[in-house]
Amino acid sequence: MAVYSKKIGIIGGGISGVAAAKQLSKHEPVVFEATDSLGGVWRHCSYRSTKLQTPRCDYEFSDFPWEQRDNSSFPYSGEILDYLYSYAEHFDVLKFVKFNTKAVEIRFKGDWESKSDEYGSPLPGKPVWEVGVQTNNSQTIQWYAFEFLVICTGKYGDIPMIPKFPQHKGPQVFQGKVLHTLDYCKLNEEESTELLKDKKVVIFGYKKSAIDLAVECAEANQGPQGKPCTMVARTLHWTVPHYSIWGLPFYMFYSTRASQFLHERPNQGFLRCLLCHLMSPLRRAASKMIESYLTWKLPLEKYGLKPEHPFEEDYASCQMAILPENFFAEADKGNIHFKRASKWWFWEGGVEFDDGTKLDADVVVLATGFDGKKKLKTIIPEPFRCLLEFPSGMMPLYRGTINPLIPNMAFVGYVESVSNLHTAEIRCKWLSRLVDDQFKLPSVEKMLEETTKEMEIMKKTTRFFKRSCISTFSINHSDEICEEMGWTSWRKNNWLAEAFSPYNSQDYKDKK
Ligand SMILES: Cc1cc2nc3c(=O)[nH]c(=O)nc-3n(C[C@H](O)[C@H](O)[C@H](O)COP(=O)(O)OP(=O)(O)OC[C@H]3O[C@@H](n4cnc5c(N)ncnc54)[C@H](O)[C@@H]3O)c2cc1C
């Protein structure tokens, strides 16, 4: 059994894996990518109509601006892939990537003492992990050994989350077609139109993939034979038509230092805690202002789509979806219907709900999300597998990257923010300096204490805390990262800009 030995291995070639490969390039890492392409979700988990929801100037690498970065339109997934490939080619990252190479097993080869309070050296000079990979679906496993492993397998895509159904009421009893959005993404334009055209389609879910799909369904069903599709929502979330609220730019509410000052953050002292408490009416007022705009602008009440929780909670859990332009126009034409239900199952002609009503269907699409943790659990070995998450379901990650209890391994792409590209890139910069010994990690106990505090803040801010989102304190998170890297954390040129202009990747160029 041949074992190839390298310093650093990276699993996954999406945005996070490419960011990690670029930042760690001086160590010539090996990047394993299961598919034949870079880009992850933008390649395998997108429809024809999928667009970025983050403004493009926020979703960019700090040293590689979009060509038309001031273009306010949201790029399609294909444009994001082009941008990512240009970046990878420009920085000569492609040479590190082994395509069609899936990591199927990881073995720990280091010395590990669960009680040790020291994290240890990231590059100890001998292999710590072995990764077994299968190339081009071959059954043979090739082994590689690494001193440090970066896991970038992504939170979305690959493994669908399928609802559980009562016995004898699952998809097998339904005479129509059932598929998950992941299967839908694999269809070409002709196949997807064929699937939806003149069919009674029921879509389960009310997040971005469900909303985009409803619009594709409505578009395929124009004309006299067309049938309306029905979206079934269990939990409602706030949706936003554009990044402007009562004429004010959206970033003013959450993306500046002044606006984030109103929000709780981890590791705040007693005084800040008190201040945050006193300022909570202001925070609520900002959320209410957005809610009032959305309720005025969109027919949420007409369609029973107004969420009961504050907007702030969706923002704090990275669940805010940008609406496709014609979503409510199609609903007004009668091409999209809505239903609220928490329990449902199949009957031979369609789906049945816990309120006793039934819906006829030809096609049922499950826009029910993905099981990103299962992806991790299939490859991370015990005893580390059971340390991946806390009982709350959250992953304890120091600086959103290091699990203090898992040696010589980093996780990129598991903590989210408004721009996951920026969130991944700055953490990879931090990681490259950690690997180069430019700073030391605190003790395991201290890191656990910090991650616990961070998780407590997330829990306090939103009922959807399991998503590990830092969007209401992202600037503070970056400040701490900068300080650890020896950079100045206040990165604007003057106080006014520091307080009131938004922070994005361009503020974190490797200049100071
Ligand atoms: C529909 C959709 C819209 C989105 N819109 C936005 C947005 O507007 N703004 C935003 O910031 N974020 C958005 N996101 C979040 C998005 O997931 C991140 O922005 C980012 O692309 C995640 O990149 P990643 O590399 O972490 O994960 P992924 O893109 O999931 O990439 C993971 C890669 O790892 C590979 N892989 C997995 N397992 C293995 C294995 N065992 N061996 C080898 N390779 C493996 C996969 O093939 C894949 O290429 C969206 C996500 C989706 C699904």
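This briefing describes the ligand shell, the strand pairing and selected local features of the structure. The model is predicted. Around the ligand lie 37 residues, of which G12, G14, G40, G154 and G413 come nearest. The UniProt record, in an unreviewed entry, lists S16, E33 and A34 under "binding site".

**Ligand shell**
- Two or more residues of the shell around the ligand are given by each of α1 (15-23), α2 (41-44), β4 (101-108), α6 (208-220), α13 (372-379) and α14 (420-435).
- The largest share, three residues, comes from α1.
- By residue class, the shell around the ligand comprises 14 nonpolar, 18 polar and five charged residues.

**Positions listed by UniProt**
- In the unreviewed entry, the "binding site" positions are S16, E33 and A34. They span 19 residues in sequence, but no two of their C-alpha atoms are more than 14.3 Å apart, so they gather at one spot.
- E33 is located in the loop between β2 (30-32) and α2.
- With 24 other C-beta atoms within 10 Å, E33 is buried, the threshold for this class being 20 or more.

**Parallel pairing of β1**
- β1 (residues 3-11) pairs with β6 (residues 142-151) in the parallel sense, over eight bridges. Within this pairing, I11 stands opposite I151 of β6.
- β1 also runs parallel to β2, to which three bridges join it. Here G9 has V30 of β2 as its bridge partner.

**Open three-stranded sheet**
- Three strands form an open sheet in the order β15-β16-β17, with antiparallel pairing.
- The edge positions are taken by β15 (344-347) and β17 (358-360); each has a single partner strand, so one side of each is left without a neighbour in the sheet.
- On average, and with direction ignored, neighbouring strands of this sheet are turned by 25° against each other.
- Strand β16 (residues 350-353) is joined to β17 by three bridges, and the two run antiparallel. G350 has D360 in β17 as its bridge partner.

- Burial is the rule along α14, with 14 of its 16 residues buried.
- After α14 comes D437, which has a positive phi, near 65°.
- Helix α10 (residues 280-297) contains A286. This residue counts as buried, with 21 C-beta neighbours inside 10 Å.
- A286 and M252 are 34 residues apart along the chain, and their C-alpha atoms are separated by 9.8 Å.

**Backbone geometry in loops**
- A cis peptide bond links E382 to P383, with omega near 5°. P383 belongs to the loop between α13 and β19 (409-411).
- W246, a residue other than glycine, has a positive phi, near 45°. W246 sits in the loop between β11 (244-245) and β12 (248-249), and it counts as exposed, with 10 C-beta neighbours inside 10 Å.
- C318, also a residue other than glycine, has a positive phi, near 55°. The loop between α11 (311-315) and β13 (321-322) holds C318, which is partly exposed, with 19 other C-beta atoms within 10 Å.

Conventions: Residues are numbered from 1 along each chain as its sequence is written. This is a predicted model: local features need pLDDT of at least 70, side-chain atom pairs count only at pLDDT 80 or more; totals for chains, interfaces and linings use all residues. Two strands pair if DSSP finds at least two bridges between them. Helices (H or I, at least four residues) and strands (E, at least two) are DSSP runs, numbered from the N terminus. Axes are lines fitted to C-alpha atoms, for helices over the stretch in contact, and angles run from 0 to 180 degrees between N-to-C directions. A residue is near a molecule or strand if its C-beta atom, placed from the backbone, lies within 6 Å of it. Ala, Val, Leu, Ile, Met, Phe, Trp, Tyr, Cys and Pro count as nonpolar, Asp, Glu, Lys and Arg as charged, and the others, Gly among them, as polar. A residue is buried if 20 or more other C-beta atoms lie within 10 Å of its own, exposed if 12 or fewer, and partly exposed in between; C-beta atoms are placed from the backbone. UniProt positions are given in the numbering used here, feature names are shortened, and annotations may be inferred rather than shown by experiment.
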